Structure formats: C-alpha cells, structure tokens
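Hi everyone, thanks for making time for this. I'd like to walk you through one structure, starting with the whole chain and then stopping at a few places along the way.

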Amino acid sequence: MRTVFLTIISVAILGSGAAYYAYSRPTKSTTILGTVAVQRGDLVSTISATGTIEAEEVVNIGAQVAGLIVEFGPDRKAPSKPVDFCSVVEKGDLLAKIDPTCYKAALEQAEATLQKSEADLMQLRAKLRQTQREWKRAQSLHPKNAIADTDYDTALSNYESAEAAVAAGVATIRQNKASVETARINLGYCTINSPVHGTVVERRVNIGQTVVASLNAPSLFLIAKDLTKMQVWASVNEADIGRIRLNMPVRFTVDAHPDETFIGAVTQIRMNAQMTSNVVTYTVIVTTDNTKGKLLPYLTANVQFEVEKRTNVLLAPNAALRWTPESNQLDPSVDQKTLAADATEVAGRGRLWLVGDRNLVRPIDVAVGATDGTMTEVSGNDLRAGMQIVTGDQEAEEIEAQSTQTTSANEDKTSNPFLPKMPKGSKPPPGPM
C-alpha cells in the first residue's frame, strides 16, 4: 500500500512540473520586434581594398660587366663600414667594385694593337711616297720612249695600291681606337657608383660573389630615391573600379601601426588589369606623405576609398531596409493590396516599418542614398529623427535557448570540478561485452 501511495505522489509531482513548464514556456508565435531610432549624422561611403606600400621611385642598380665583387663603398654615416641596407647615398658615391684585372689587360691589349696599327700606317705612307716618286719618273720618261709600256703600267699600279693601303691603314686605326675606348669603358664599369641620391632598400650581393652580365643585367642594389613620399599599390575589383577617380581621398591602416590612420589621394589608375582565379583587379596608385618615416616598403595596407561623404543626414540601419513583416504583424489600417502594388524595389527607393499599437507595424516609404555597408542615408516627407523603426524580430525560442545556456552554465558551476567532463555531443565509450 505504501508503494502505491509513493507512486501516486511521484506521478503528481511530475505532472505538476510538466504543466508548469508548458504554461511558462513561450509559444513559437510570440515575436519580439527589435527597433532602433532613426539617427541624424554623417556618413562616408567607401570602397575597401588591400594594397602594398611601395617607395615612390625605386632605382635598380645593375652591373654591365661580369666579374667578382671585391669591394663595397664606404657608408657615409660610418666610413669604416661598407654600404649596406638602409645606407644613405649621394649621387656618384661608390657602391661596389668588380675585379678589374681582366678588363685592364683587355685595355692594354687594345692600346698595343692601336700602336701597332699606327706604326703600320707610317710604313704604308712611306711606301706611298716611294711609289709616288716612281710614278712621276715614269710619267716624265714615257713620252720620250725611255721606258717600256709595261714599266709605265707597273709604276701606276704600285702607286694606286699604295694609296689604297694607306686608306686601309687609317680605317684600321679608327677601328683600334674604338676597341681601346670600349675596353676603357668596360674597365670603368667595374666601378659601380650611385646614379641618384637615396636610401639603399636592398643589397643583393656580397664580397666574393661573381656577377654574370649576359642577356639581363644582374641586380646589385635597390635604392629608393625619396622615402618621405610613399605609394600604396591597391588592387581594386573590377566591380568597383568605375567609382574610383583621380584625387579621390583615401584612408588606410597598416598592421605595424594599427591605431593610426594614414591619409592619401589617388594619383593613378592603371589599365593593365590582372586576373587571378577568374577575378579581375586593377592597380590603383595612392600617394601619401611619409615625413615621419612610419611607413616602410612592402607593408600591407587596408585601404578605404572615400567615394561619397554626406553630412547631417538621416541614417537607418541596412537591416531595417531589408526586413519584411508577416501578414499578422501589419496594422489593420494598412491596405495589403495597395502595399503589394507599390513599387518600392526600384533603384533609390526603400521601405521602413514603424511600430504602432499592439506591436503592429505600418510602412513608410523613403528615398535611399549612400551607404557605408552598415548604415544608409534615407529621406522622406514623413520621416523624422528619433522615429523607432524595426530592424528584425526575435522568436521566443531564442530567448529560451539563451535561458537554457544560462541554466547549463550554472549547473556546470555547481558540479564536481574533479569529475571528467564529456565533450558536447559525444557519447560515452561502450563498456566491455
């Protein structure tokens, strides 16, 4: 009898708890409307892009001759040290020297060849003078029949051949002089001087390294002419490039200085598009001041192009323009047929919803302007700052889920901290068979 009594009491307690839970649990139809007030303020419409910081003008110093690097020029700030990364150089400063031994030998060989050709020319001119005298003698004796015709012809041929040999000797000297000049220039190329004033961004060779100048000149140094002016090479999607214009103001940040915003302007829109994974992008050049020296080459920049700026306008969240009520949420005064016939999805038009009595809504049509991705400029005859507009609804189940999470958290706090906890959604391992 006692067992039956205890069973009846347990069933009654469980039934009361279930009834209380069912009574207190919100139904699915219960909806809470989220609202926000229409604001008045400023709005900036932007285009986002990613770019790379580059020096405004970079000079790539190469070598025109092949050879072994034997010396670097001294650093202006520390003459005991060689030119290296970040060294400041002036125009004409020594950067590096290539082993000149072979080129000195080539110059001496060319000079010797030139001297030999000059000596050969002297012999040829002496021969010309001799044949010239013989030709004159033959001309004086031939009318008197003092020499044979064959001797006359031979004297003429020797004279003409000597003249041609002298002309060839003169050409040979000019050729050898050019060879000497070429050898002297190649010897001069062994000394590499800075062509500009600037800062060494990169030194790409070391002493003892052999550079080979063939089809392409090897790169030895990279010099930035002026690091007080930098550029951002931003990649802009083809869908946004039509809204980019010259002198457009730009704001950007870099990870090296996350709390600082830098200002620049668009100075060039390059037409050589690039395609990566079927995505077409254009390079837009943004020039900025770097007097403080905080921007370094090759930093990644997060760029915001200021397409349009609006001041003192009414603003509404984009979510409020996207929200559409159910039929049971409309105010009875709203004619649903007229509402459906209105063309509000055309460009430049939108619709907001105001909350009235009994949590019911009524529409207000507005003109839509610029947007920054979160807020949108709106205007209308019946729209005023401070009006409460709907941004979305929240089902009662979401509130229940939040409450359940809070209850679970409280249970975790009261549970034994020394017991092992199973991961959520997992099952205990099967026991031995």
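Before the first number, a quick word on surface: the accessible areas I'll quote come from the Shrake-Rupley method with a 1.4 Å probe. On that basis the protein exposes about 27,900 Å², and carbon and sulfur atoms supply 53% of that area. Please keep in mind that this is a predicted model.

Where pLDDT is low, the predicted coordinates should not be read in detail.

Now the overall build. The secondary structure comes to six helices and 20 strands. Of the 433 residues, 29% count as buried. If you look at contacts with a separation of 6 or more, residues 24 or more positions apart account for 75% of them.

Helix 2 covers residues 101-141. Its 41 residues should span 60 Å at 1.5 Å a residue, and its end C-alpha atoms are 61 Å apart, so the two values agree. Helix 3, residues 149-188, has 40 residues and reaches 59 Å from its first C-alpha to its last, close to the expected 58 Å.

What do the buried residues of helix 2 pack against? They pack against helix 3. The buried residues in helix 2 include Tyr103, Leu107, Leu114, Leu121 and Trp135. On the helix 3 side, the buried residues include Ala155, Tyr159, Val166, Ile173 and Leu187, and the buried set of helix 3 packs against both helix 2 and strand 7 (191-193).

One pair from this region is worth a look on the screen. Alanine 164 lies in helix 3, and alanine 164 is partly exposed, with a relative accessible area of 49%. The C-alpha atoms of alanine 164 and leucine 124 are separated by 9.4 Å, although these residues are 40 apart along the chain.

Between the two helices there is a loop, and asparagine 145 lies in it. Phi of asparagine 145 is near 60°, a positive value in a residue other than glycine. Buried or exposed, what is asparagine 145? Asparagine 145 counts as exposed, because its relative accessibility is 68% and the cut-off for exposed is over 50%.

Serine 277 sits in the loop between strand 14 (274-276) and strand 15 (279-289), and serine 277 is exposed, at 68% relative accessible area.

Next, the inside. In soluble globular proteins, nonpolar side chains tend to be buried together. Here the largest nonpolar core has 36 residues, and Leu95, Ile98, Phe221 and Ile223 touch the most other members. Among the elements that give two or more residues to this core are strand 3 (58-62), strand 6 (94-98), helix 2, helix 3 and strand 10 (219-224). A second, separate core has 23 residues and includes Ile47, Ala49, Met230 and Ala301.

Asparagine 290 is in the loop between strand 15 and strand 16 (300-317), and asparagine 290 is buried, with a relative accessible area of 5%. Which backbone nitrogen does the asparagine 290 side chain reach at 3.0 Å? That nitrogen belongs to leucine 295, and the side chain also reaches the backbone nitrogen of lysine 294 at 3.2 Å. Leaving aside neighbours within four places in sequence, asparagine 290 is in contact with residues including Leu227, Thr228 and Met230.

Glutamine 329 is in the loop between helix 4 (318-322) and helix 5 (336-341). Glutamine 329 is buried, because its relative accessible area is 10% and buried means under 20%. A polar atom of the glutamine 329 side chain lies 2.8 Å from the backbone nitrogen of glutamate 326.

That's my tour, and I'm happy to go back to any part of it.

Note on methods. Residues are numbered from 1 along each chain as its sequence is written. This is a predicted model: local features need pLDDT of at least 70, side-chain atom pairs count only at pLDDT 80 or more; totals for chains, interfaces and linings use all residues. Side-chain values use heavy atoms; hydrogens and water are left out. Helices (H or I, at least four residues) and strands (E, at least two) are DSSP runs, numbered from the N terminus. Buried means under 20% relative accessible area, exposed over 50%, partly exposed in between (1.4 Å probe, protein chains only). A polar contact is a pair of N or O atoms within 3.5 Å; within protein, one must be able to donate a hydrogen and the other to accept it, and residues adjacent in sequence count only if both atoms are side-chain atoms. The expected span of a helix is 1.5 Å times one less than its number of residues. Contact means heavy atoms within 4.5 Å. A nonpolar core is a set of buried Ala, Val, Leu, Ile, Met, Phe, Trp, Tyr and Cys residues joined through side-chain atoms within 4.5 Å.
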